[in-house]
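Hello,

Here is the structure I promised to pass on to you. Please open it beside this email and follow along as you read.

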There are 2 protein chains.
Amino acid sequence: MPGRDPIRLTENRRAVLEELRARHSHPTAEEVHRRVRARLPRISLATVYRSLDYLERHGLVDTVRDTEGRRRYDAAGDEHCHIQCEVCGRVADVRLTDKNCIERLVEESGGYEVTGHRLSFRGRCPECMRGSASALGGEAGGGWVVENETDEV
Amino acid sequence: MPGRDPIRLTENRRAVLEELRARHSHPTAEEVHRRVRARLPRISLATVYRSLDYLERHGLVDTVRDTEGRRRYDAAGDEHCHIQCEVCGRVADVRLTDKNCIERLVEESGGYEVTGHRLSFRGRCPECMRGSASALGGEAGGGWVVENETDEV
DNA sequence: ATAACTGCAAAACGTTTGCGTGTAT
DNA sequence: ATACACGCAAACGTTTTGCAGTTAT
């Protein structure tokens with residue numbers, strides 16, 4: 001954890017961050033690269049990785065592993081879970097009011113002190129339930145994992 | 001999903017499966033390979049991967065991604081979540097009586113039909129809370145994801 | 001005789017790193 | 001002058017695949 005040092009937002013890092021903030025589609029590094037290159041054609045994939053890593057270390061970006069083991073990125077915000085439609089693949093945010101109760105549930109049933117959990121959902125989105133076989137908009141993927149840290153102390 | 005064809009358990013596949021059943025430590029493929037080689041010194045890593053894949057496709061093995069994106073394997077059993085101690089690294093099972101209520105919670109809050117979720121915990125185990133800086137028994141790792149399918153219809 | 005299984009080596013994939021150059025949130 | 005950031009190419013660790021030989025839940 002970088003202590004109190006300022007966050008240096010270079011043009012590259014800013015472009016990466018703004019891309020993530022523009023759409024919350026949880027892209028892979030390569031997808032970020034492809035999109036950011038529209039603005040900065042000379043940016044390399046390695047720099048995108050380094051930028052994402054930097055932004056994550058400074059708390060501006062959250063990361064997540066998908067079912068294939070790829071890392072996916074999102075601009076950090078208030079913590080929430082995700083749900084991915086198994087028909088069209090699109091990802092949406094889920095806001096649960098009382099998430100922490102499930103941690104307490106575990107503490108009561110074992111001897112553990114629970115410091116964090118991960119939770120994500122799969123399902124069918126309203127549009128796809130209406131039968132419109134739909135856009136297949138979301139980029140690939142097949143299931144989501146979202147970290148929900150209680151650590152961080 | 002292989003329809004009704006019989007499950008062919010060769011010596012290699014049986015050894016892999018029995019290794020997973022013997023200890024529920026959620027090893028990586030390489031760890032499985034290392035252990036199975038004690039019984040079958042000539043088995044290759046590729047065969048272990050193919051066996052794990054075969055066993056998973058036939059419902060005998062569950063897989064999970066760890067935080068580094070590696071796949072981890074476990075003999076399929078009644079569904080449960082896991083918790084990993086962040087001190088000693090050991091993994092334990094968590095049995096929640098009323099898991100499905102969280103899916104219903106999401107359905108009520110959005111328009112989604114929820115067909116599955118993933119849930120896993122992190123924390124400190126009873127022994128490590130007693131200060132015994134402990135065995136560091138569990139193999140590496142840093143956070144767990146466990147699939148909890150409601151699909152499967 | 002047939003189909004499935006296996007070992008080996010090589011490829012593929014996502015991600016990280018070393019190096020030399022460029023830049024100055 | 002100094003520290004950081006970057007592009008490029010090569011390396012890395014995990015997983016998959018092509019091929020040729022073997023086995024037979």
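A residue counts as buried when its relative accessible area is under 20%. By that cut-off, buried residues make up 43% of the 153 residues in chain A. Please keep in mind that this is a predicted model.

Let me stay with chain A for a moment. Its secondary structure consists of 5 helices and 6 strands. Starting at the N terminus, the elements follow the order α-α-α-β-β-β-β-α-β-α-β. Among contacts in chain A with a separation of 6 or more, 61% join residues 24 or more positions apart. The accessible surface of this chain is about 8300 Å², and carbon and sulfur atoms hold 48% of that surface.

Now for the DNA. There are 19 residues around DNA strand C, and those that come nearest are Tyr49(A), Arg71(A), Thr10(B), Arg13(B) and Thr47(B).

You can look up some phosphate contacts in chain B yourself:

- The side chain of Arg13(B) has an N or O atom 2.7 Å from a phosphate oxygen of DNA strand C.
- Ser44(B) uses a backbone N or O atom, 3.2 Å from a phosphate oxygen of DNA strand C.

Which element gives the largest share of the surface near DNA strand C? That is H3(A), with 4 residues.

Happy exploring!

Note on methods
Residues numbered from 1 in each chain as written. Chains lettered and ligands numbered in written order. Predicted model: local features only at pLDDT ≥ 70, side-chain atom pairs only at ≥ 80, totals over all residues. Heavy atoms only, no water. Near = heavy atom within 4 Å. Polar contact = N/O pair within 3.5 Å; in protein donor to acceptor, adjacent residues only side chain to side chain. Helix = DSSP H or I, 4+ residues; strand = E, 2+ residues; numbered from the N terminus. Buried < 20%, exposed > 50% of the residue type's maximum accessible area, 1.4 Å probe, protein only. Contact = heavy atoms within 4.5 Å. Areas by Shrake-Rupley, 256 points an atom, 1.4 Å probe, with all protein chains shown as cover.
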